Amino acid sequence: MADGMRAETITIAGHGGDEIEAYLAQPLDGDAQPGVVVLHHMPGYDRASKEIVRTFAVDGYAALMPNLHHRYAPGAKATDAAAAARAAGGVPDEQCLGDAQGAIDVLRARPQANGKVGVIGYCSGGRQTFLVACALDVDAAVDCYGGGVDPTLAPRLRCPLLGLFGADDQRPSPDDVAALAKALDESGKSFDFHTYEGAGHSFFSVDRPSYRLEAAKDGWKQIWAFFGRHLKGA
Amino acid sequence: MCTHVTASARVAGSGYRGDDWFPVDRAVVYFDHPQDAPLDHALCVDVWGGSERVAIELDGASARRLAETILATLESSAPEDPGRRR
């Protein structure tokens, strides 16, 4: 498989029609490309998150990451926009959903699209991923250690869910993960949770001390299998 | 852990951005993932004036030392400060 790509910041219509920036990485070759919406972590639309977007393009996905902090400091560095969003009280869930819908629409409208779109998010983006999976039309969702997920939303889950967590994390704690799994199970939802021993929050972050090689390696393996099954039909 | 917990305080004074000073009016404080410090979590302070800010990210022990040092300095050197502890 060719692994060439084009990666760049584009402008998309987000919540309420607002123009926001988004980072798009798309394979140069091949048709029937599935899409992946990437929801960044609390530190924002940063270099490490853009690397994740490009990683999906290497594997044949068109990946798009809306900058959820764009409105708070248009044109500013990711670090300043993240601080501005926090100072303003954080990103409202409704606004996040609108931005995610904008990204989904862009991915599905691509001529090379196969019509399937998944969503993945890390940290705060993990929680937002669960919200997207409960509210919007997506085909698969991956929650990477999202804290503060509301288990009462479980009956609304609209697609298969993969969850990747660290046993040493405090938010979400193993008890939080168990409560969510119980709620999903009782609602008859399709989900697959993996909790890694020796790992805490942000174990995928290669540029942070929280990085855990074994957890991250297996986590990526789970992601490729899950998205491959639900988005590529592999 | 991703705390989302954010506290803020009104402040008055000036901040320095490397090439000039600017007036500041609000400090935002949180213990969460830092942008740059090589830590899982950091005590972060953003002191804002309009859209400009002065930012620091410190490990928890450093932040406590700084906070204690600030309070001790105010207690000993600024007796006329209206915010002084009684």
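Across the interface of chain B and chain A, 9 residue pairs are in polar contact, both residues of each pair being at pLDDT 80 or more. That threshold applies because the model is a predicted one. On the side of chain B that touches chain A, the elements giving two or more residues are β2 (21-32) and β3 (42-49) of chain B. Of the elements there, β2(B) gives the most, with 4 residues. By type, the residues on this side of chain B divide into 9 nonpolar, 5 polar and 5 charged.

In terms of contacts, 19 residues of chain B meet 20 residues of chain A. In terms of area, the size of an interface is often given as the accessible area lost when the parts come together. For chain B and chain A the buried area is about 1,700 Å², with 52% of it on carbon and sulfur atoms. The two chains are also joined by 2 salt bridges. Arg86(A) and Asp32(B) form a salt bridge through their side chains, at 2.8 Å from N to O.

Chain B itself has 1 helix and 4 strands, and its elements follow the order β-β-β-β-α from the N terminus. Strand β1 (residues 6-16) of chain B runs antiparallel to β2(B), and 9 bridges join them. Within this pairing, Gly15(B) stands opposite Phe22(B) of β2(B). The hairpin of β1(B) and β2(B) has 4 residues between the strands, and Gly18(B) in this hairpin takes a positive phi near 110 degrees. Of the 86 residues in chain B, 27% are buried. Among the chain B contacts between residues at least 6 apart in sequence, 21% join residues at least 24 apart.

Charged side chains also pair within chain B. Asp19(B) and Arg17(B) form a salt bridge with an N to O distance of 3.2 Å. Asp19(B) counts as exposed because its relative accessibility is 60%, whereas Arg17(B), at 38%, is partly exposed. Salt bridges with shared partners link Arg17(B), Asp19(B), Asp20(B) and Glu52(B) into one network.

One joins the side chains of Arg6(A) and Glu8(A) at 2.7 Å, N to O. Arg6(A) is partly exposed at 48% relative accessibility, and Glu8(A) is partly exposed at 24%. Another is formed by Glu186(A) and Lys182(A), whose closest N and O atoms are 2.8 Å apart. Because Glu186(A) and Lys182(A) are 4 residues apart in helix α5 (residues 174-186) of chain A, about one helical turn separates them. Both Glu186(A) and Lys182(A) are exposed.

Phe191(A) belongs to strand β8 (residues 191-196) of chain A and is partly exposed, its relative accessible area being 25%. Leaving out residues up to four places away in sequence, Phe191(A) touches Leu161(A), Ala181(A), Leu184(A) and Asp185(A). Ser205(A) is in the loop between β8 and α6 (213-232) of chain A. Ser205(A) counts as buried because its relative accessibility is 11%, and buried means under 20%. With the same exclusion of residues up to four places away in sequence, Ser205(A) touches Tyr145(A), Ser210(A) and Tyr211(A).

Technical notes: Residues are numbered from 1 along each chain as its sequence is written. Chains are lettered from A and ligands numbered from 1 in the order in which they are written. This is a predicted model: local features need pLDDT of at least 70, side-chain atom pairs count only at pLDDT 80 or more; totals for chains, interfaces and linings use all residues. Side-chain values use heavy atoms; hydrogens and water are left out. Contact means heavy atoms within 4.5 Å. Buried area is the accessible area (1.4 Å probe) that two parts lose on being put together, summed over both. A salt bridge is a side-chain nitrogen of Lys or Arg within 4 Å of a carboxyl oxygen of Asp or Glu. A polar contact is a pair of N or O atoms within 3.5 Å; within protein, one must be able to donate a hydrogen and the other to accept it, and residues adjacent in sequence count only if both atoms are side-chain atoms. Ala, Val, Leu, Ile, Met, Phe, Trp, Tyr, Cys and Pro count as nonpolar, Asp, Glu, Lys and Arg as charged, and the others, Gly among them, as polar. Buried means under 20% relative accessible area, exposed over 50%, partly exposed in between (1.4 Å probe, protein chains only). Two strands pair if DSSP finds at least two bridges between them.
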